[in-house]
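Let's take a walk through this structure together, one piece at a time. Have the sequence and the 3D view ready.

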Amino acid sequence: MESTRRKLLKAGWGLGLLAAFGAALVKPGRALAAWNKGAFEAKTMADGMKALGVANAVESSEIVIHAPQIAENGAVVPIDVTSNIPGTSSISVFIEKNPFPYTGTFDFAQGAIAFVHLRAKLGETTPVRAVVVAGGKYYTTAKEVKVTIGGCGG
Amino acid sequence: MADPMKIRATLQGDVADVRVLMAHPMETGQRKQGDKVVPLHFIQNVTAQLNGATVFSADISQSISRNPVFAFKVKGAKAGDKVVITWQDNTGDKRTDETTVRAAGS
């Protein structure tokens, strides 16, 4: 009897350890680990794109940026980006003249449509550029937004 | 702990239109209060799941406006589907909220 109890206890320990180890492995978010510090801290759009690995981006009229022509308040500028390119997996947004132009990347999976609405801060009148990844290729377009009151500092 | 998100998921045909409002200061690290710089404090990562499958995820910077709003669309959704959204900021603070997809007009 004694030995069976020992064995059970040992088996229990093993399982517990496995469970703890497994949880530790699963816990860190995949996407979070990928937060691209280099790209986000780049001070020019070209550097940001380089850090993101964007190369040979083709100008495309299939990407539609919907943003106001004139934004009265640069602190909250609504921006809609739609990609009509088949197989779009992500949309990245750059605000060219912001201190850190790279604003974010939006990934789509499992039926999500290649569309995103966001609200961003614009420091001054600037082109807003979208970069789309579709089938491993890069496509891009830009739209100028005039800002009458900047959104940075105060 | 941050305030809860407001999430609305409305069905239009078989497409769920999801809108989310997060309560967050999104400090840029450039603003000054008196002569002290307010430190960077912003959401870095957002993920959204529909019935447990990740459909939308975002890595974002401090350029996103205070109290961020995002909208996205998911095809093939049904009324009653569960939408779970999580954000995490640069201080490690995080928040998860959920809602269910509702038919338009209900």
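This is a predicted model: local features need pLDDT of at least 70, side-chain atom pairs count only at pLDDT 80 or more; totals for chains, interfaces and linings use all residues.

Start with helix 4 of chain A, residues 45-52, where M45(A), G48(A) and M49(A) are buried (under 20% relative accessible area, with exposed meaning over 50% and partly exposed in between; 1.4 Å probe, protein chains only). Helices (H or I, at least four residues) and strands (E, at least two) are DSSP runs, numbered from the N terminus. Those three residues sit on the same side of the helix because they cover an arc of only 95 degrees around the axis, taken from the directions from the helix axis to the C-beta atoms. Covering the buried residues are, among others, helix 3, strand 5 and strand 8 of chain A.

Residues are numbered from 1 along each chain as its sequence is written, chains are lettered from A and ligands numbered from 1 in the order in which they are written, and side-chain values use heavy atoms, leaving out hydrogens and water.

Now for the meeting of the chains. The contact (heavy atoms within 4.5 Å) takes 32 residues from chain A and 31 residues from chain B. No salt bridges are counted between them (a side-chain nitrogen of Lys or Arg within 4 Å of a carboxyl oxygen of Asp or Glu). On chain B's side, strand 6 gives the most, with eight residues.
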